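Q: Please take a close look at one part of this model, the nonpolar core and the helices connected with the description of it. Keep the account plain.

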Amino acid sequence: MKSIPGKAAKNRLFKSSLILLVLIISGAVAAACYKAPVTGRSQFIILSQSEENQMGVAAFQEVLKEEQVSGNAQYNEAVTRVGTRIVGVADTPQYNWDFKVLKDDEQINAFALPGGKVGVYTGILPVAANDAGLATVMAHEVAHVAARHGGERVSTDVLAQIGAVGVSAALGGSDPWVSEAIMQAYGIGVTVGGILPFSRTQEAEADQIGLIYMAKAGYDPREAIAFWERMDAAVKGKPQPPEFLSTHPGYGTRINNLKKWLPQALPYYEQSQKAPNNAITK
Ligand SMILES: [Zn+2]
């Protein structure tokens, strides 16, 4: 399993991140209160939207240097087809969305970086099985971006650590913990396969927002439950459970939450222009 990105890439991101930290500390960036879509949860995000986007774009470029983009036409068409519909209802004109299928059949996973950069591993596509299953995955990832979960992680984690250790130590630059914190905030480096170690709150929120997005985009939200049941079966008996298991809520909790949110999502589905539910084959 690969770590993303490599050491040199980490150093480059570390440098740009330090510049950003200086900006934050010098007070050039005003802290802003932001509200997540759908849930209306108040968030503390100290980065501006454009700073957050820039860091996401840079991180995505590093990921793409290390990962192989899949040439599978079926998979690429499916991800573009479903991703376009989801983004169409997400009300996020500030993002330049980019969906990539990454070739790794062992990774039953997907990830999203700030600014609208989404990676879907080939390993998750057989589990997605159809457009509605894939919509579950992609709406969850689009929701992470739309709710600015990456920027929120940076704001809380990095600043908390700077507060604890001291600004001068942070800017000394020799301590690896600063770059580690930033990489962790973006869900890369420490974990494998580009999994975002978002908080449980953020994960549950991405599920809730994602359910609304998929319904609005014309995918039956009940299919989200069927998808997570397939995920549960797919990862059972694997010698090494994917990171998805440790960083995401348990499947039982997740499915129960989705059932609870279904009444909120179904009216959107009923009013939507229904999407075709194509089978996804290799
Ligand atoms: Zn997630």
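A: In this predicted model, I86 touches A135, M138, A139, V142, Y213, M214, A217 and Y219, leaving aside residues up to four places away in sequence. I86 belongs to the largest nonpolar core, which has 57 residues. Together with V120, L134, Y213 and Y219, I86 is among the members that touch the most others. Helix α5, residues 131-146, supplies the largest share of this core, ten residues. Apart from it lies another core, of seven residues, including V63, L102, F111 and Y121. As a general point, nonpolar side chains tend to be buried together in soluble globular proteins.

Helix α9 covers residues 200-216. Of its 17 residues, 13 are buried, so α9 is largely enclosed by the rest of the structure. Just after α9, G218 takes a positive phi of about 95°.

Helix α12 covers residues 251-271. At 1.5 Å a residue, its 21 residues should span 30 Å; the end C-alpha atoms of α12 are 29 Å apart, which agrees. Even so, α12 bends by about 50° at L262, and a proline, P263, follows within four residues. L262 is itself one of the buried residues of α12.

Technical notes:
Residues are numbered from 1 along each chain as its sequence is written. This is a predicted model: local features need pLDDT of at least 70, side-chain atom pairs count only at pLDDT 80 or more; totals for chains, interfaces and linings use all residues. Side-chain values use heavy atoms; hydrogens and water are left out. A nonpolar core is a set of buried Ala, Val, Leu, Ile, Met, Phe, Trp, Tyr and Cys residues joined through side-chain atoms within 4.5 Å. Buried means under 20% relative accessible area, exposed over 50%, partly exposed in between (1.4 Å probe, protein chains only). Helices (H or I, at least four residues) and strands (E, at least two) are DSSP runs, numbered from the N terminus. Contact means heavy atoms within 4.5 Å. The expected span of a helix is 1.5 Å times one less than its number of residues. The bend at a residue is the angle between axes fitted to the seven residues ending there and the seven starting there.
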